Amino acid sequence: MALNDSNINYIINDLYRRGLVYEPLKDELLDHICCKIEEQMGSGMKFIDAYEVVINQYFKTNELQKIQQLTLSELNSKPTVMFKNYLKTAYRSLSKNRFYSLINITGLAVGIASCLLIVLFVIDELSYDKFHEKSDRIYRIESDVMFGGNHFEMPVTPAPMAQTMMADYQEVEIAGRFRRIGSHLFKKEINNIKEDDVSFADNNIFEIFTIPFIYGDKATALEKPNTMVISKTVAEKHFGNENPVGQQMTMDNEDLYEITGVYEDLPVNSHFHLDVMLSMEGNEDAKNTIWVSNNYFTYFVLREDANPEEFQGKMAEMVNTYVFPQVKQLLNIKAEDFLASGQWVRFNIRPLTDIHLYSNLGFEFEPPGDIKYVYIFSAIAAIILLIALINFMNLSTARSANRAKEVGVRKVLGSYQSHLIKQFLTESILLSILGMAIGLVLAVLALPYFNSLANKSLSIPFSSPVFIMGIIGGSLIIGVLAGIYPAFYLSAFRPAAVLKGKLNLGVKSGWLRSSLVVIQFTASIILIVGTLVIYRQLNFIQNKKLGFNKEQVILVEDVYALDDNIEVFKNQILQNSNVLSATITSFLPVSSSRSDSGFWPEGEQPDELNSVSMQTWSVDHEYIPTMGMEIKEGRNFSMDFPSDSTGIIINERAAQLFGYENPIGKKVNTFDDFGPDNNPSMISYEIVGVVKNFNFESLHENIGALSMRIGHSRRFACFRTNTGNISSVLADIEARWKELGPGQPFQYSFLDDRFNRMYSQESRIGKIAFTFAGLAIFVASLGLFGLAAFTAEQRTKEIGVRKVMGASVASIVILLSKEFGKLILIALVFAIPVSWYFMNGWLQDFHFRITIGPGVFLIAAGITLLIAWVTMSWQSIKVAIANPVDSLRNE
């Protein structure tokens, strides 16, 4: 006689009530029992009587255990079947505990998405310049000069460096140079178009770097004077889809060049991106043999059998052979005395692939990255993922009491510890896979925002087999890391203690769980402190008195395109009542043109003691008032003093280095130009004024010596305005420009924007740190929320008794929150010294910087405690306001 559904449900419920079911073997056990019952019912017994006979018989003979152990043995011999059972049980467990599963999956997904984005960023940073075929053998020569009170570390070298290296050192396979000249105007016929990155280049530069040509022959492209090669983007901009080789273009309305090649745009992960390369053969300066002037980027390829460290040792030989003879000629000093005075000239080689991350030099082609930030972001990725893993371990061990009976029954019914470990690891890996899938979706959605934040063009390489294998391997590794401790912890329970109800678990006894919470919030607080310090330093930069006024100054770029109409243009704009003053210059108190020269007091011979290396800027009479600078001594340049053509204004730092207490009227000499035999002529200047020190470089650097003299430099027309209606002034400027310079591109910027761009990297770092600090706190709070919910659930009856005895809601909330509050205070104790150490080190890169006071740590502590309290109080209040009758009903 067959059993109906009602009979089967009765059997299942009774077996569960008796604690006799091992979940993976439930179906096999049920089949055995049903068959025996049907045999008894076939002899005329009623269902309930037949069931009791079968169950009593099984109890006497331990048949149930034997059946399940036998079936378990069969399953062990069939791994696929066992694995399916693991998956089935894992799915049921996750479904049964949806709340905690959601917390774990969400935390893992956010952690994985954050980690993936940062890994993409780090991989991109580490990939710079590796696309060149000879990247492992390409090096750049850099200059390290200490002279005249200033320390110069530059990516540029003397003009004869490349040729000398090939001639004197057999280790060098090939060497070539760039001479960067910035942005210039190019036109095919009438209208000019500005190209931002223009450089002179040796023809053999294409033997060093892998730069594919679309048109032309790279072997001969730049061999002749007045030839040029252009990038694909520039070619399309000027010529569309036609082949431009053989056609001509005019640079800056003066110089005619023939196009001899078009090359592919350089990849994003290159430390330079040149729009136009001009033949070095047309640059007369490139042929000089002067070793005390540095303007050329010099790259070379070492032969495969050469040792880079040994070759670096030969750079001192080059300095002794070529540099010091000219130093002696100029300064009348021997090399030994020059070095003994604490000054030096050194050449260092740097691997090409280290330039982007390890060069902190000025005058780079493009702002470099920083290996420190690669380390920082890698640490942040690891921290967020670690916090997510800790969430999983904490919730798994916290909920161990709920699964203890399950473990005990399984062990009584014959399950080995290894089977339980596999079961729990299957659950954690399944969670990890779900978290990875959702994390990938989150990463795809967040990638545009992250690209904008990091100024990158990253993409997720779904088509890459390496990426796919990494995702699969990552899911498994994360699953194992998250589940390995809970698996061993849960599977180690003793069945006798569990089934007798003697297992004592909770927050107070879970010292490891408490330690993990402390680690979570220590890491989160460190990120918060770091973010606060970065933002305070950026705010300090924005509000520091710089020695000039960067506000409301309009910069009209490439004013040289107006030729003879420059002064006319300037005077017409000055007629606008909203324009206070104007100046024409190439030198700005932010990143722009730079030129330094050595000066010494008149009447003395230049030597290592009396020479001062100063920035030398060519300006006009209105430069200082337009830039809002302050004359401390003497006067500004004036049209009323024709002698100002040989006058000079120095800053306070220069006066200090010269040792002048009263510098006005003093005369200083400098070299004017080098003749054919490298013998320079000298010129004398009279100091007519001292300008107050101003920051003309990044606040990373100290203020150096600077001088200004009357001269012609025509890159920018700068206009100081007195109105909030900038748009009307700009409209007037543009109209005048188009009238005086038809066909010339009109471009403008603002001085304060150029100042802010000097700190764009720090600003990006601050925003990224803020974003990921927020995510770290979010993931940590998820775990805290889960633990608070579990703790409240475990103490429901205790809270009910307390309420019956008269406890208030507030006292119960404090009771439930104080344990976690203590842990967060402990985290603060650990986080404060660690965050101070790292952020104080970061601030050392700035000469002008804030000090990290207690306010930063108080704010970080307040933010953390507030977030944690809000997270915990929701669950605490929910339990505290519940009706105690509901929790005590079964007592």
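Phe178, Phe209, Phe272, Phe297, Tyr299 and Phe365 come together as one aromatic cluster, where rings of Phe, Tyr and Trp (its six-membered ring) pair if their centres lie within 6.5 Å. The model is a predicted one, in which local features need pLDDT of at least 70, side-chain atom pairs count only at pLDDT 80 or more, and totals for chains, interfaces and linings use all residues. Residues are numbered from 1 along each chain as its sequence is written, and side-chain values use heavy atoms, leaving out hydrogens and water.

Across the whole structure, a search finds 37 aromatic pairs. One of them joins Phe206 and Phe213 edge-to-face, at 5.0 Å centre to centre and 85° between the planes (planes under 30 degrees apart count as stacked, over 60 as edge-to-face and the rest as tilted). Phe206 is buried at 6% relative accessible area, and Phe213 is also buried at 18% (buried means under 20% relative accessible area, exposed over 50%, partly exposed in between, with a 1.4 Å probe and protein chains only). Phe746 and Tyr748 make a tilted pair, with 5.9 Å between centres and 35° between planes. Here Phe746 is buried at 18%, while Tyr748 is partly exposed at 39%.

Turning to helix packing, helix 20 (residues 566-574) and helix 23 (residues 726-740) meet at an angle of about 150°, their axes 10 Å apart; helices are DSSP runs (H or I, at least four residues) numbered from the N terminus, and axes are lines fitted to C-alpha atoms over the stretch in contact, with angles from 0 to 180 degrees between N-to-C directions. Helix 20 is therefore roughly antiparallel to helix 23 (over 145 degrees). Val568, Phe569, Gln572 and Ile573 of helix 20 touch Asp732, Ile733, Arg736, Trp737 and Leu740 of helix 23, contact meaning heavy atoms within 4.5 Å.

Terms used: Helix = DSSP H or I, 4+ residues; strand = E, 2+ residues; numbered from the N terminus. Parallel < 35°, antiparallel > 145°, perpendicular 65-115°, else oblique.
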